[in-house]
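Good morning, and thank you for coming. Please look at the sequence and structure on the screen while I speak.

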Amino acid sequence: MPELNRRSFLKLVGQGSAALGVAGMGGLRFSKNTWAAPDAIAQAKEASDSYWDEWEFYYPGKYDSEDAKVLQKFQAELDAINNKGKISISDLVSGKLDGQPGIGAHGHSGGTKMSRENMDTYARRYGALNPLFTDESYAKKTVWGAMALPFAAAEPTYMPAMPKTEGIGDYMVVSAHNDTMNYYRPVHEGDTLYTVIDEQHFVDITPAAGSHYRTFAMKGWARVFNQRGELVAEGANILKESFRRHKDPSKRNKNKAHAWESPDWWSRKPYTYSDADWEEIKEIWKNEKIRGSEALHWDDVNIGDMPPARAVGPIRAEEKIDMIFDIPDWSTNAKLDYLDPAVFKTMVKNEQGIYLRPEYLEKKAPSRSMPVDPDATPEIANRDGRGLIQNAVAAKWAAGMILNWMGDAGWLQRIGWDIMELPPGSDPTIDYTRAPTIIPPLSLEIRPALFDKYPYMDKVPFLRGCRAAWHAMEGDVVICRSYVTDKYEKDGEHFVDLTFWCRTFDKYLVEEGFATVKLPKRA
């Protein structure tokens, strides 16, 4: 058997895949909604490629005693959340429930105070320069009476995560990250937000035919309340975590923690921008419009309308970092520099053809670094120094585009997004829908009820069959677009549905999603 070294492994597995598990209710249960390609069962009986001989092969619901113990313990933790029963909202906002299962997010109970600082952070990251979120004097004159964040600050979407240090796998790949939210009230400065995680589940969706990847679907449902006990938002999310592990225990991670088997995003080479490209991007910037106080009436919107596109970038972090969450103002609002002749003539073009102010040409060293565990298996990734943009960020850029289009009188009622249903491999011979490396898609039946708008892109006639499969990366200019797919009246109110998508300038689809907007009807 040939040696499975780093190079051959990267060629073989490429981007890998991982799935998040969903905790079943009332004991450890597993989904019957397993999936496999039609010929997968026959293929699974054939001998695996020799490269895979040293890796375990899995069937749904089949575990050794140690794995069963880990999963039973994990299930018990989630049962404490799922079986907590009805809670008192007054007890929630008074702090009486702090420390109880499902109260608070990411292990932190208690409320989150919305200061001017964190309001400004959300506005500058996603607000598309809209004065409703950035200009106090302007906002006072609107129907909201103050700066109001209708999204992003309240993100009630919290899935469980498979225990990291229990030995379930040597490598994990994440795919099919889906989020969706309903918004009921704006968030103002001084508000305190309280999160209630209502449900968390994991489901083994490894195909019946078997695979070298054990795949779990992970999903959660949560609500957010303000200090007055009013429901601000509710949401759900789901994704997959897929694991693989050596047969030989001596080759497994010594600390039992799984390492990332990152998709090889870096197989997409950096795009070099020409001056003609920048002229095209500048035209998009010039055509962006903040509607503001000019009302957009439901009567005047038609199916097939496309709001003005939004261009964000070129994306650049201040530090050398792998995953980028906080993108500085000068990067997300670079259009202000590019469209200002006096500033633009001072900018310097780098090796990627990106114009930057001279002070931003060199990135700083990381302000913090993670300690290296000598017993940990290193992440498998073909990194080239470019940081990845966290996948939900592009969806919020698209939300900023839609907020600008709908104007101050509109309301963003719902928004959801999705990325990478199946992980794209760097080796085209790897097919994650065929044995012995099957990573199944998420069936519609397993998705929470809020995912009724999926699949999103199929509602746009010229984008049917397209799926977001890539991450935005440093150096990208991301173009956000949207398409009106439906308009309707419900309970005396008037709504418009849109599909949105985000694509890099070199045409890699990095995000897809939907939004439902409530608009005033013309009198």
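Which helix gives the largest share of the lining of the second largest cavity? The largest share, three residues, comes from helix 12 (residues 391–406). Helices here are DSSP runs of H or I with at least four residues, and strands are runs of E with at least two, numbered from the N terminus.

This is a predicted model, in which local features need pLDDT of at least 70 and side-chain atom pairs count only at pLDDT 80 or more, while totals for chains, interfaces and linings use all residues. Residues are numbered from 1 along each chain as its sequence is written, and side-chain values use heavy atoms, without hydrogens and water.

A cavity is a set of points on a 1 Å grid over the protein atoms alone where a 1.4 Å probe fits but cannot get out, and its lining residues have an atom within 4 Å of a point. The second largest cavity is lined by A128, E288, K289, P308, A309, R310, M401, N404 and W405.

I turn now to helix 8. Buried, meaning under 20% relative accessible area (1.4 Å probe, protein chains only), are D277, W278, I281, K282, I284 and W285. These residues lie on the same side of helix 8, because they cover an arc of only 155 degrees around the axis, taken from the directions from the axis to the C-beta atoms. On the other side, A276, K286 and N287 are exposed, that is, over 50%.

Terms used:
1 Å grid on protein atoms, 1.4 Å probe; cavity = no way out; pocket = protein on both sides within 12 Å on 5 of 7 lines; lining within 4 Å.
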